[in-house]
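Hi everyone, thanks for coming along. Please have a look at the structure on the screen, and then we will walk through some of its parts together.

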Amino acid sequence: MKRHLLIPLICLASGTLASLSAQDLTIANARIITANGAVIGRGSIVVRGGKIVSVAAGAPSAASGKTIDAKGMTAMPGFIDGHRHINTGPNEKAQMQALLEAGYTTVLSGGGPADGNITLRDHIDKGLINGPRIIPSGSIRLANNTPDSARAEVRKMAGMGIKFTGEIALTPVPGPSEKEVETLKAIVDEAKKVGVMVQVHAVSSSAMIAAVDAGVPLLVHLPNKDWVSAADAKKVAAAGVKVLGTVSFGSPVFGVFADDNKPRFRDGKPWPDSIVDGDVLDGARIGQEAGFMPVNARTVWDAGVILGYCTDTTYDPKAGLDHELKMLNVMFSMKDLIKMIGPNTASYIQMGDQLGTLEPGKLADIVLLDGDPLEGYWNWLKTKVVVKGGVIVVDKR
């Protein structure tokens with residue numbers, strides 16, 4: 001009998017029970033951003049079994065489980081980062097908690113060892129640490145592979161249960177070689193057979209179009225070496241290729257690594273000197289990435305490309321959110337950004353039927369903000385409560 005009593009105590013100590021409880025929930029008196037920016041001035045959300053069962057104006061007709069009185073705060077879908085480099089390690093607990101506290105409930109790994117991605121995901125799923133929903137990815141490098149060996153890597157990845165490649169880099173300037181393209185086409189072909197989504201890092205227009213011509217479905221970055229033409233943007237849209245932004249890539253960071261008012265790149269080194277791939281196309285100088293990416297984001301958006309959101313940072317998640325939204329704010333409305341970080345990014349990670357909007361049948365990933373996100377991006381930084389799959393994982397009220 002004593003042995004049986006110890007089992008739940010051990011589970012409680014490890015945090016496992018926290019991940020299995022509180023699946024029923026009611027949020028009342030909230031401003032609600034539902035789908036693509038539609039707003040309910042004051043309403044309620046009812047969650048059962050980790051999924052949303054109703055979103056309605058006024059009080060809930062039938063409350064369920066624990067009730068949160070939002071007191072006029074704004075409910076919107078949990079934030080999704082479609083490309084952030086994460087992995088297991090000694091600091092994973094603090095890093096994952098910081099992501100949750102910034103409002104992120106789902107993260108697609110940007111790459112790195114697949115084993116480490118899986119371990120991190122399992123630590124969270126088993127309740128050993130608190131963290132967002134992790135979607136693992138696996139690395140494939142074109143330079144290290146022939147078409148046949150690359151196919152074998154894709155099959156190995158699928159056998160591990162990995163559904164996404166990490167970012168596969170194509171040479172941006174002067175453009176990808178014939179060998180790169182040949183290997184990439186083999187990866188795309190094999191990935192279709194085994195159910196793996198191919199993601200490509202194409203940061204020039206020539207690399208972007210080469211990826212589209214090779215049948216790549218997902219691009220993790222916009223070009224930051226040159227301007228995207230309207231014709232190229234329309235070609236991306238017509239092919240149904242989905243793209244992530246990372247528009248703040250080349251913009252300087254202030255106050256993240258040190259409060260000395262010196263501009264830094266996102267790795268903490270001096271800006272613009274340390275920008276990755278920092279030189280040139282047609283005389284472009286280091287630092288001009290800061291101009292190319294936000295304008296290119298608007299170009300592809302206006303052409304009808306499904307443009308999602310990501311940070312591609314390893315520094316503080318809230319600072320990364322602030323930096324990315326600040327740059328997006330130059331080219332997009334708040335309503336656009338709600339669509340971008342919500343349904344568009346959910347579509348990119350192949351979870352559009354489960355995430356990205358607050359609607360019945362969707363997973364209950366919800367953030368409560370102390371402010372109106374349609375008023376300005378700064379209110380997106382005021383996270384008070386985070387719910388992941390119906391579980392309250394952050395409560396800063």
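Let me begin with a question: which residue in β2 stands opposite I27? It is I45. Before we go on, residues are numbered from 1 along each chain as its sequence is written. This is a predicted model, where local features need pLDDT of at least 70 and side-chain atom pairs count only at pLDDT 80 or more, while totals for chains, interfaces and linings use all residues; side-chain values use heavy atoms, with hydrogens and water left out.

Back to our strands. Two strands pair if DSSP finds at least two bridges between them. Strands β1 (residues 25–33) and β2 (residues 39–48) run antiparallel, joined by six bridges. Their hairpin has five residues between the strands, and N36 takes a positive phi near 55° there. β2 also runs antiparallel to β3 (residues 51–57), again with six bridges, and V46 has S54 in β3 as its bridge partner. The hairpin of β2 and β3 has two residues between the strands, and G49 in the turn shows a positive phi of about 60°.

Next, an open sheet. Its three strands come in the order β6-β7-β8 and pair in parallel. β6 (79–84) and β8 (133–135) stand at the edges with a single partner strand each, so one side of each has no neighbour in the sheet. From one strand to the next the twist averages 15°, an angle between N-to-C directions, from 0 to 180 degrees, of lines fitted to C-alpha atoms. Four bridges join β6 to β7 (residues 104–109), and R84 has S109 as its partner in β7.

Now to helix α3 (residues 92–102). Here E92, M96, L99, L100 and A102 are buried, meaning under 20% relative accessible area with a 1.4 Å probe and protein chains only, where over 50% is exposed and in between is partly exposed. Turned away from that buried side is a face with the exposed residues K93 and A94. After α3 comes G103, with a positive phi near 110°.

Last stop: helix α11. Of its 15 residues, 13 are buried, so α11 is largely enclosed by the rest of the structure. After α11 comes Q350, with a positive phi near 65°.
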